[in-house]
Every structure is written in structure tokens, then in C-alpha cells.
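These are my notebook entries on one structure. I record below what I looked up, entry by entry.

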Amino acid sequence: MTLPPFLATHLLMPDLAEFLRRHTDIEVNVVPTGAVANLTNRDADVAIRIVLNRDKLPLNLHGLIGPVVSSGIYMSRALLVTWRSDRPPPMRWIVANTEGQPGWAREGEVRTTGALFRTPDAETQIVEFSRGLG
């Protein structure tokens, strides 16, 4: 099975652990990567990916629609308290792309001063967020 690293380490591991407890005869090899896997060549039996536009998928790929993943603004409780004060500090984002903040956020309640840190890797985002970077 191949899947993005943050799915392997954070979101799916509890479910995978429970699956393996129930099915002791199944062996699972998890390859945490976002790189393209050639299922025809048996690079993996299962590939879990986040796809933003299903219309751009190759015709030979068949998949099931999983849960809807939504974007949102996440901040520490301390920053939220400060932000709700009379004089909120400017917000700096940790973003997943090179274009900066998403379009939906430009009209939102939280105004930002730009992207402090850009990375498409969610694991890196989680680490930087936990360190109070943005």
C-alpha cells in the first residue's frame, strides 16, 4: 500500500492497526510517499491519493471516492485568544502550495499578512505548526 506520509502517520494508522488486528493473515507493507505508483507494474496493490481534480486522472485508473477533505484555518488556542482580542496580531500562514493562501481564505474572517512557510508536505506543515511558526 502506498499513501502520502501524513496519512500513514496520522490519519489512517489507527484504522490500519485495527484492520490488522482483525485480519491476522494479511501482511501489509506501507510505503509512505506521494510519488506516483504504477499499479500495473505492481509497484503497489493499493494506492491512496488525494486528488484535487478527478477529471485529470488517467483513464486506466479506477478508484473510489473517499471522504471529502476540507481546508480550514488552524491555530493554537493561545493564538486564537490573541486573535480575538481588540488588537489582533497579523497572521502568517503555513501553506501547502506555492501560490500562497487559498482563494476562499481571502474573503474569510481571518486576514493574513502572507505565507511565512510553504511546503506541499503535510507532515512538515504539522511539525512547523506545532512549533508555533504560523
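**Entry 1: confidence.** The score is pLDDT, the predictor's confidence in each residue, from 0 to 100. I note a mean pLDDT of 77 for the protein, with 79% of its residues at 70 or more. Helices (H or I, at least four residues) and strands (E, at least two) are DSSP runs, numbered from the N terminus.

**Entry 2: conventions.** In this predicted model, local features need pLDDT of at least 70 and side-chain atom pairs count only at pLDDT 80 or more, while totals for chains, interfaces and linings use all residues. Residues are numbered from 1 along each chain as its sequence is written, and side-chain values use heavy atoms, with hydrogens and water left out.

Entry 3: I searched the whole structure for salt bridges (a side-chain nitrogen of Lys or Arg within 4 Å of a carboxyl oxygen of Asp or Glu), and the search gave 3. Glu18 pairs with Arg21, the closest N and O atoms lying 3.4 Å apart. Glu18 also meets Arg22 in a salt bridge, at 2.9 Å from N to O. Why are Glu18 and Arg21 separated by about one helical turn? The reason is that they are 3 residues apart in helix 2. Arg22 and Glu18 are 4 residues apart in helix 2, so about one helical turn separates them as well.

I then checked exposure, where buried means under 20% relative accessible area, exposed over 50%, and partly exposed in between (1.4 Å probe, protein chains only). Glu18 counts as partly exposed because its relative accessibility is 30%. Arg21 is exposed at 57%, and Arg22 is exposed at 63%. Salt bridges that share partners join Glu18, Arg21 and Arg22 into one network.

**Entry 4: Asp45.** Where does Asp45 lie? I find Asp45 in the loop between strand 2 (31–32) and helix 3 (77–83). Asp45 forms a salt bridge with Arg42, with closest N and O atoms 2.5 Å apart. Both residues are exposed; for Asp45 the relative accessible area is 56%. I also noted Met1, which is 44 residues from Asp45 in sequence, yet 6.0 Å away in space, C-alpha to C-alpha.

**Entry 5: nonpolar core.** The largest has 5 residues, namely Leu3, Phe6, Leu7, Ala8 and Ala122. Helix 1 (residues 5–11) supplies the largest share of this core, 3 residues. Leaving aside neighbours within four places in sequence, Leu3 has contacts (heavy atoms within 4.5 Å) that include Ala8, Leu12, Val30 and Ile48.

**Entry 6: Glu128.** Is Glu128 buried or exposed? I record Glu128 as buried, because its relative accessibility is 16%. Glu128 lies in helix 5 (residues 122–130). Not counting residues up to four places away in sequence, Glu128 touches Ile94, Phe117, Leu133 and Gly134.

Technical notes: Core = buried A, V, L, I, M, F, W, Y, C linked by side-chain atoms within 4.5 Å.
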